[in-house]
Amino acid sequence: MKRFIRTFVAAPEHIDELGHVNNTVWVRWIQDMATAHWDAVARPEDREAFFWVVTRHEIDYRGNVDEGQTVTGETWIEGPARGATSLRRVDFRNDAGKVIVSAATTWAMLDRASNRLVRVRPEVLAPFSED
């Protein structure tokens with residue numbers, strides 16, 4: 001699958017009482033990555049017809065960053081869709097290239113007109129493949 005990359009800088013408002021990026025910020029960055037990837041790659045007709053909501057986040061924290069430090073996020077869709085859901089992976093690497101946060105998130109696709117779940121057809125995910 002095509003991978004999407006975005007860089008984030010830990011700003012003062014991202015830092016918690018422990019002096020590093022708060023877990024809620026990581027979740028927001030994960031969601032920002034997924035949305036930006038969809039907006040950048042999905043076909044216009046699919047962006048107009050569908051939207052995605054998170055049904056599950058599974059996150060492993062192996063490190064953190066402090067204020068002013070940069071992380072590079074990389075996301076991709078893993079495997080085929082299952083009904084109305086699709087699995088997305090996100091890794092965040094520190095300046096040394098080490099994965100410090102890794103996530104598997106499950107997203108469900110909804111029809112914009114009805115706000116109801118719809119089966120993810122292969123052509124919707126086709127633009128995200130390497131082929």
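**Salt bridges in a predicted model**

R3 is partly exposed, with a relative accessible area of 45%; partly exposed lies between buried, under 20%, and exposed, over 50% (1.4 Å probe, protein chains only). This is a predicted model, in which local features need pLDDT of at least 70, side-chain atom pairs count only at pLDDT 80 or more, and totals for chains, interfaces and linings use all residues. Residues are numbered from 1 along each chain as its sequence is written, and side-chain values use heavy atoms, with hydrogens and water left out. Seven salt bridges are present in the structure, a salt bridge being a side-chain nitrogen of Lys or Arg within 4 Å of a carboxyl oxygen of Asp or Glu.

**The R3 and E74 pair**

- R3 forms a salt bridge with E74, at 3.7 Å from N to O.
- This pair links distant parts of the chain, 71 residues apart: R3 is in the segment before strand 1 (4-9), and E74 is in strand 3 (residues 70-82).
- Strands (E, at least two residues) are DSSP runs, numbered from the N terminus.
- E74 counts as buried, at 17% relative accessibility.

**The R56 and E58 pair**

- In the salt bridge between R56 and E58, the closest N and O atoms are 3.4 Å apart.
- Both residues are partly exposed: R56 has 49% relative accessibility, and E58 has a relative accessible area of 42%.

**The R43 and D46 pair**

- Within a salt bridge, the side chains of R43 and D46 meet at 2.8 Å, N to O.
- R43 is partly exposed at 27% relative accessibility, whereas D46 is buried at 2%.

How values were computed:
Helix = DSSP H or I, 4+ residues; strand = E, 2+ residues; numbered from the N terminus.
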